Amino acid sequence: MALGIMETKPVITFLKTLLIVYSFVFWITGAILLAVGVWGKFMLGPYISLIAENTTNAPYVLIGTGTVIIVFGLFGCFATCRGSPWMLKLYAMFLSLVFLAELVAGISGFVFRHEIKGTFLRTYTDAVLNYDAEDEKSLVVDNVQSSLRCCGVYNYTSWLGSVYYPANGFPLSCCSNSSDCSPQDLRNTTINHTKVYQQGCYELVTSFLEINMAIIAGVTFGIAFSQLIGMLLACCLSRIITANQYEMV
């Protein structure tokens with residue numbers, strides 16, 4: 001019996017080391033999610049409003065998920081160091097829930113990417129048609145056009161039906177050359193179309209979404225399946241410690 005206990009000690013030490021390293025990486029993942037959520041809330045709020053027809057809770061979900069992962073990452077380290085079977089089982093249960101949540105999120109993001117594109121088309125078109133150069137969505141439209149070097153939804157003709165165009169022409173953010181593009185030029189219907197970007201913004205944004213959605217889904221699946229490793233480690237360590245305690249009795 002004593003020999004059996006001695007033989008399991010190296011195994012327990014090895015599994016504890018692996019689980020502590022895993023928990024630390026898991027904790028870092030939570031910190032990254034928390035940082036992205038905070039950044040998204042304060043820096044990307046207006047941009048998200050163009051994609052979501054209603055107010056979105058995506059930044060809050062990231063903040064909440066990141067915070068919970070940080071707490072349970074620390075809990076996983078503590079449970080591993082203590083060698084408590086019930087704590088390790090609780091940690092394994094949490095990892096299984098995270099796995100399921102991330103799996104569903106990854107599948108949903110990949111399946112509904114076309115719906116996201118459709119929603120962006122509706123909301124961005126509405127922002128262009130109701131552009132006034134002052135409200136939040138109008139400022140986001142300006143930022144998108146100047147950053148991506150595009151004009152309008154499909155092309156610059158999208159602005160012809162906007163409430164802004166009859167009195168002001170194209171917005172300054174459509175100018176392809178800011179040094180040769182004045183408000184007077186943009187109001188002049190004879191030459192204004194030669195002063196602006198010819199490509200629309202919708203195609204650029206949706207191609208970006210199409211390329212990166214698959215990458216995001218792949219990363220999400222990778223992180224999700226990594227939870228299985230942690231769950232198996234926690235379960236194995238819990239069972240070995242429990243069995244070792246019975247042998248000692």
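**Lysine 195 and its surroundings**

Leaving aside residues up to four places away in sequence, lysine 195 touches Cys174, Cys175, Ser176, Asn177, Asp180, Cys181 and Asp185, where contact means heavy atoms within 4.5 Å. This is a predicted model, in which local features need pLDDT of at least 70 and side-chain atom pairs count only at pLDDT 80 or more, while totals for chains, interfaces and linings use all residues. Residues are numbered from 1 along each chain as its sequence is written, and side-chain values use heavy atoms, with hydrogens and water left out.

Lysine 195 sits in the loop between helix H8 (183-187) and helix H9 (201-248). Helices (H or I, at least four residues) and strands (E, at least two) are DSSP runs, numbered from the N terminus. With a relative accessible area of 16%, lysine 195 is buried; buried means under 20% relative accessible area, exposed over 50%, and partly exposed in between (1.4 Å probe, protein chains only). Its side chain is joined to that of aspartate 180 by a polar contact of 3.1 Å. A polar contact is a pair of N or O atoms within 3.5 Å; within protein, one must be able to donate a hydrogen and the other to accept it, and residues adjacent in sequence count only if both atoms are side-chain atoms.

A disulfide is a covalent bond between the sulfur atoms of two cysteines. Here it is taken as a pair of cysteine sulfur atoms within 2.5 Å, and by this rule there are three disulfides. Counting bonded cysteines along the chain, the pattern is 1-6, 2-3, 4-5.

Cysteine 150 and cysteine 201 are bonded, with their sulfur atoms 2.0 Å apart. Their link is right-handed, with 95 degrees about the S-S bond. Cysteine 150 is buried, at a relative accessible area of 0%, and cysteine 201 is buried at 0%.

Cysteine 151 is joined to cysteine 174 by a disulfide with an S to S distance of 2.1 Å. The torsion about this S-S bond is about 85 degrees, so the disulfide is right-handed. The pair also links distant parts of the chain, 23 residues apart, from the loop between H6 and H7 to the loop between H7 and H8. Both cysteine 151 and cysteine 174 are buried.

A further disulfide joins cysteine 175 to cysteine 181, S to S 2.0 Å. Its torsion is about -60 degrees, so this disulfide is left-handed. Cysteine 175 counts as buried at 8% relative accessibility, as does cysteine 181 at 9%.

Cysteine 236 is in no disulfide. Cysteine 235 is partly exposed, with a relative accessible area of 34%, and cysteine 236 is partly exposed at 40%.

The aromatic rings come next. Rings of Phe, Tyr and Trp (its six-membered ring) pair if their centres lie within 6.5 Å; planes under 30 degrees apart count as stacked, over 60 as edge-to-face and the rest as tilted. By this rule there are twelve aromatic pairs. The ring centres of tyrosine 131 and tryptophan 159 are 4.9 Å apart and their planes are at 85 degrees, so the pair is edge-to-face. Tyrosine 131 lies in the loop between helix H5 (113-129) and helix H6 (136-148), and tryptophan 159 in the loop between H6 and helix H7 (165-168), 28 residues apart. Tyrosine 131 is buried, at 3% relative accessible area, and tryptophan 159 is buried at 0%.

Tyrosine 131 also pairs with tyrosine 164: the centres are 4.9 Å apart and the planes at 90 degrees, so this pair is edge-to-face. Tyrosine 164 is in the loop between H6 and H7, 33 residues from tyrosine 131. At 16% relative accessibility, tyrosine 164 counts as buried. Elsewhere, ring pairs link Tyr22, Phe26, Phe72, Phe75, Tyr91 and Phe94 into a cluster.

As for confidence, the chain averages a pLDDT of 79, and 78% of the residues score at least 70; pLDDT is the predictor's confidence in each residue, from 0 to 100. Confidence is lowest in helix H2 (residues 45-51), at a mean of 62, and highest in H7, at 91.
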